[in-house]
Amino acid sequence: MIDNLSGDGSLQYLQPLFPDVVFIPNSNNEGFAKANNKALQKTKGETILFLNPDTLIAENTIVECLQFLTSNSKAGAIGLQMIDGSGRFLPESKRAFPTLYASFFKMSGLSFLFSGSALLNQYALGNLDTNSLHAVDVVAGAFMMVRRELLIILGGFDEHFFMYGEDIDLSYRIQQSGYQNYYLGNCRIIHFKGESSRKQSIPYIQSFYGAMVVFVQKHYSNKKAALFSLFIRMAIILRIALHYIYRFFLAVSKSLPVTGKHKQLQKIMVIGAVNEVEAGIHLLQQETTEDWSCFTMKAAENFTNITDLCKQVTALAEKEKIKALLFCQGELRYDQIMQMMLLLPHHFMYYFFSANSHSIVSSHSKINSGQTIPKKSSNLV
C-alpha cells in the first residue's frame with residue numbers, strides 16, 4: 001500500500017491492523033501515477049489491482065473480475081460499475097477516449113441533459129447499459145485490474161500525469177498494444193467522491209483539464225492536438241469563472257440569517273444482523289454528540305430478498321420521516337448493500353459500518369470531505 005503523505009494518521013492507524021501488508025510511505029505527495037508505479041515494482045503476482053483508498057468493495061468483486069480477466073486472453077484491463085456514497089452511478093465508470101465533440105458535449109452540460117444518448121453523451125458511453133458487460137475505451141483508475149506482464153511491457157502509468165488522465169493514457173496504450181478494456185457492470189464498488197479531490201476547486205479544474213491537454217498532445221496529431229488544447233484552455237477559463245460565481249452565491253447564502261435553528265433528534269435506520277446493529281448503534285450513541293433515535297431492521301431472512309427489504313425500509317422511513325440509513329456489513333453483504341442503494345430513493349444519507357471495524361464512514365457530497373465516527377480514528381474514507 002502506497003501512502004502519498006496522507007497526513008491524516010491513516011498510515012499509523014492501519015499498519016498495526018494489517019501486519020502482513022507492505023506499506024510504502026512517501027515523504028511527499030508524488031501523485032497517482034508515480035506512486036502506483038513504485039508499488040508496481042514491488043509486486044510479484046500475475047494480476048495487478050489498482051484500487052483507491054476511498055472505496056468500499058463487495059465480497060465477490062475481485063474474484064469475479066479475476067475470473068473474467070484470466071478466461072479472456074484479449075482482456076488487458078478490467079473496470080466495473082462505481083456508485084458514490086449516495087448510491088448514484090458514477091459516469092466515469094465507463095468512458096470513451098476524449099474527442100472534441102465528446103468534450104464539448106460534456107463541458108456544455110448536454111451530456112448530463114441527454115445522459116442516455118450515444119451522440120451527446122459520448123464521454124460516458126451513455127447508450128451502454130450500466131449493468132452489463134461491455135468492451136470500452138477507458139476504465140477508471142479507482143478500480144483497474146490489469147495483467148502484470150502487460151504493465152511491465154508498457155512501463156506502467158505515464159508519470160507526466162500527476163493525478164488525472166493517467167488511467168485514460170494507460171487504457172489507450174493497452175488498446176494500442178492489441179488488448180481490449182472491459183467494463184463489468186455486474187460488479188460494483190462504492191467510490192466516495194470528494195476525498196481525492198475537491199470538484200469545485202481551482203487546483204482541481206486546472207489539474208483535470210491540464211491532464212487532458214497532456215493526453216491529446218501525446219497521442220493526437222499536431223493539428224488536432226493544437227485545436228483540442230485551445231478548446232480545453234478556453235474551458236478552463238470558463239470553469240474558473242463559474243467557480244468564482246459559485247463561491248459568490250455560496251458566500252451570500254451563508255451570510256443570510258438563519259431562523260429557528262436548534263438541535264434536533266437525529267433519526268436513523270440501522271440495518272443488519274443483531275450483533276452488527278448493536279455495535280453500530282453503540283458507536284453512534286457513544287462517539288458522537290448528536291442525539292440519535294435509532295430504528296432497527298435486524299431480520300436476517302430479509303437479506304435474501306433485497307427488493308422486499310427495500311420496500312420495508314422505504315415504508316418505515318416514510319412513516320417515521322427517517323432520512324439516514326446505517327448499513328451494518330456482516331451477514332448483510334456489501335454487494336447487497338450496493339444493490340439496495342441503487343433501488344432505494346436517492347434522498348437518503350448513507351452510513352457504513354463494517355463487521356469487526358471500529359468506525360462508521362460516510363460521504364454525502366462529491367464536493368465536501370466524508371465523515372468518520374468516531375472522529376478520533378482519523379478521516380479514513
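Buried here means under 20% relative accessible area. Keep that cut-off in mind while looking over this structure, which is a predicted model.

Let's start with helix H7, which spans residues 166–176 and is mostly covered, with nine of its 11 residues buried. The buried ones are Glu166, Asp167, Ile168, Asp169, Leu170, Ser171, Tyr172, Arg173 and Ile174. Just past the end of H7, Gly178 adopts a positive phi of about 100°.

Then comes strand E10, residues 180–191, and it is mostly covered too: 10 of its 12 residues are buried.

| Strand | Residues | Sense of pairing with E10 | Bridges |
|---|---|---|---|
| E4 | 55–57 | antiparallel | three bridges |
| E5 | 75–83 | parallel | eight bridges |
| E7 | 133–136 | antiparallel | four bridges |

If you want to find these pairings on screen, a few residues make handy landmarks. Ile57 sits opposite Ile189 of E10, and Ile189 is also the bridge partner of Met82. Further along, Leu133 faces Leu184 of E10. As a rule, strands in a sheet pair through backbone hydrogen bonds, in either the parallel or the antiparallel sense.

**The six-stranded sheet**

Six strands make an open sheet with mixed pairing, in the order E12-E11-E13-E14-E15-E16. E12 and strand E16 (371–373) are the edge strands; each has a single partner strand, so one side of each has no neighbour in the sheet. On average, neighbouring strands of this sheet are turned by 25° against each other, direction ignored.

E11 and E12 run parallel and pair over six bridges, with Ile268 standing opposite Cys294 of E12. Two helices pack on the sheet. Helix H10 (residues 274–287) touches E11, E12, E13, E14, strand E15 (360–362) and E16, and its direction makes about 175° with that of E12. H11 touches E11, E12 and E13, and its direction makes about 150° with that of E12.

What does Leu325 touch, leaving out residues up to four places away in sequence? Its contacts are Ile268, Met269, Ile271, Val313, Leu344, Phe348, Met349, Tyr350 and Tyr351.

**A glutamine in E13**

Is Gln329 buried or exposed? Its relative accessible area is 14%, and the cut-off for buried is under 20%, so Gln329 counts as buried. Again setting aside residues up to four places away in sequence, Gln329 touches Glu59, Glu276, Tyr334, Ile337, Phe353, Ser354 and Ala355.

Notes. Residues are numbered from 1 along each chain as its sequence is written. This is a predicted model: local features need pLDDT of at least 70, side-chain atom pairs count only at pLDDT 80 or more; totals for chains, interfaces and linings use all residues. Side-chain values use heavy atoms; hydrogens and water are left out. Contact means heavy atoms within 4.5 Å. Buried means under 20% relative accessible area, exposed over 50%, partly exposed in between (1.4 Å probe, protein chains only). Two strands pair if DSSP finds at least two bridges between them. Axes are lines fitted to C-alpha atoms, for helices over the stretch in contact, and angles run from 0 to 180 degrees between N-to-C directions.
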